[in-house]
Amino acid sequence: MTQPTDTFQLGPLALPHRLVMAPLTRNRAAADGTPTPLMAEYYAQRASAGLIIGEASTPNATGQTYPNITAIHRPEHVAGWRRVTDAVRAAGGRMFLQLQHGGRVGHPATSGHTPVAPSPVPLPETVFTPGGHRPSVVPREMTVADVRATAADFAAAARNALDAGFEGVEVHSANGHLLHQFLAANVNHRTDAYGGPAARRIRFVVEVVEAVADAVGPERVGLRISPGNTVNGIQEGETDILYPALVAALRGHGLAYLHLVHADPDAPLYRRIRADWPGTLIANPVLGELTTEAVDRGTRRLLASGAELVALGRPFLANPDLVARLRLGAPLNQPRDRYLMYVGGATGYTDYPTLDGHPSSDSIVALDGPRVA
């Protein structure tokens, strides 16, 4: 269905094609954030992706969002992730790891810590905890010392990720988590150098990216953004000013990529970002339906609009052999929403069937022939 394409060079990493598996939080880690053997099986099943971006992992204990999400700030986290990357590499794949601090999206019942945020503005909704949904708590406003320590934690987490066998890391500044909270006028009420006009609200994101790039090399660092995204109670304000300013501040850093969530090729801001960003752009399409035709159409639109790589989430979640299905024009499995998060176990995780009827990666890894766009 989708046309073959050449490999793509992402910094030092050669990708076999242009389809990327987007980071997807699935809550299958141990309670302490250590990846499990089941997670190694899950990711190895999807090793035919051009690149897998591993799910959001916290750089410190305070940044934990929900129960059973992964972390990357302790030796046992590194060892657990090493089992995952070894399995993916053995299956022919390659991985980056997303680094995410939840900020105000968290709860003491989960992390043991009061959440932090740019300002003491609580999440306007409940938070899932080990005891179920609970009202959010007022986060503690971060001091300048907290801001600097958190940037250092991101850098240490990036070094841990490379020790765990990842090819690089993605800094998460999207979807209403901590870095996005600094960008958002309704959460960031600061009057110091990290708040106020857009030029100051981008400062923390820039400092985190710079710290991570200094730690592991800019060619191994990506940044994820979601302009205009209102998830987790975010209201950015000045979106059309904010993101061109962020792109301008980072365009000379030599990063591996910029990852744009819910990308609309017809939107003026998308076209502005594409024109201003000098490096690789990963774009994530908005898919109204999950069919082979819709995925093919969305992928083609983004590649035609100038994106070099296309990130897909739910299609990879439900189709471990997505690459083969798109190549052949085969129907797609549909996600079983009941088992997406908070439930644990193999059901709805590692038991999605491949074209040969078995929930394993053997059939897709063995396929010969051209890769897909």
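Visitor: What relative accessibility does R297 have, and how does R297 count on that basis?

Guide: R297 has 46% relative accessibility and counts as partly exposed; buried means under 20% relative accessible area, exposed over 50%, and partly exposed in between, with a 1.4 Å probe and protein chains only. The model is predicted, with local features needing pLDDT of at least 70 and side-chain atom pairs counting only at pLDDT 80 or more, while totals for chains, interfaces and linings use all residues. Residues are numbered from 1 along each chain as its sequence is written, and side-chain values use heavy atoms, leaving out hydrogens and water.

The partner of R297 in a salt bridge is E289, at 3.9 Å from N to O; the term requires a side-chain nitrogen of Lys or Arg within 4 Å of a carboxyl oxygen of Asp or Glu. E289 is likewise partly exposed, at 44% relative accessibility. Salt bridges with shared partners also join R89, E167 and R220 into one network. A search of the whole structure gives 18 salt bridges. Among them, R190 pairs with D192 at 2.8 Å, N to O. R190 is buried at 7% relative accessibility, whereas D192 is partly exposed, with a relative accessible area of 26%. In the bridge between R325 and D321, the closest N and O atoms are 2.7 Å apart, and both residues are buried.

Now the helix. Helices are DSSP runs of H or I with at least four residues, strands are runs of E with at least two, and both are numbered from the N terminus. Helix α2, residues 75-90, has 16 residues and reaches 22 Å from its first C-alpha to its last, close to the 22 Å expected at 1.5 Å a residue; the expected span is 1.5 Å times one less than the number of residues. Its buried residues are H77, V78, G80, W81, V84, T85 and V88. These residues lie on the same side of α2 because they cover an arc of only 165° around the axis, the arc being that of the directions from the helix axis to the C-beta atoms. They pack against α1 (37-45), β4 (51-58), β5 (70-71), β6 (95-99) and α4 (144-163), where contact means heavy atoms within 4.5 Å. The face turned away from the buried side of α2 carries the exposed residues P75 and A90. Just after α2, G92 takes a positive phi of about 95°.
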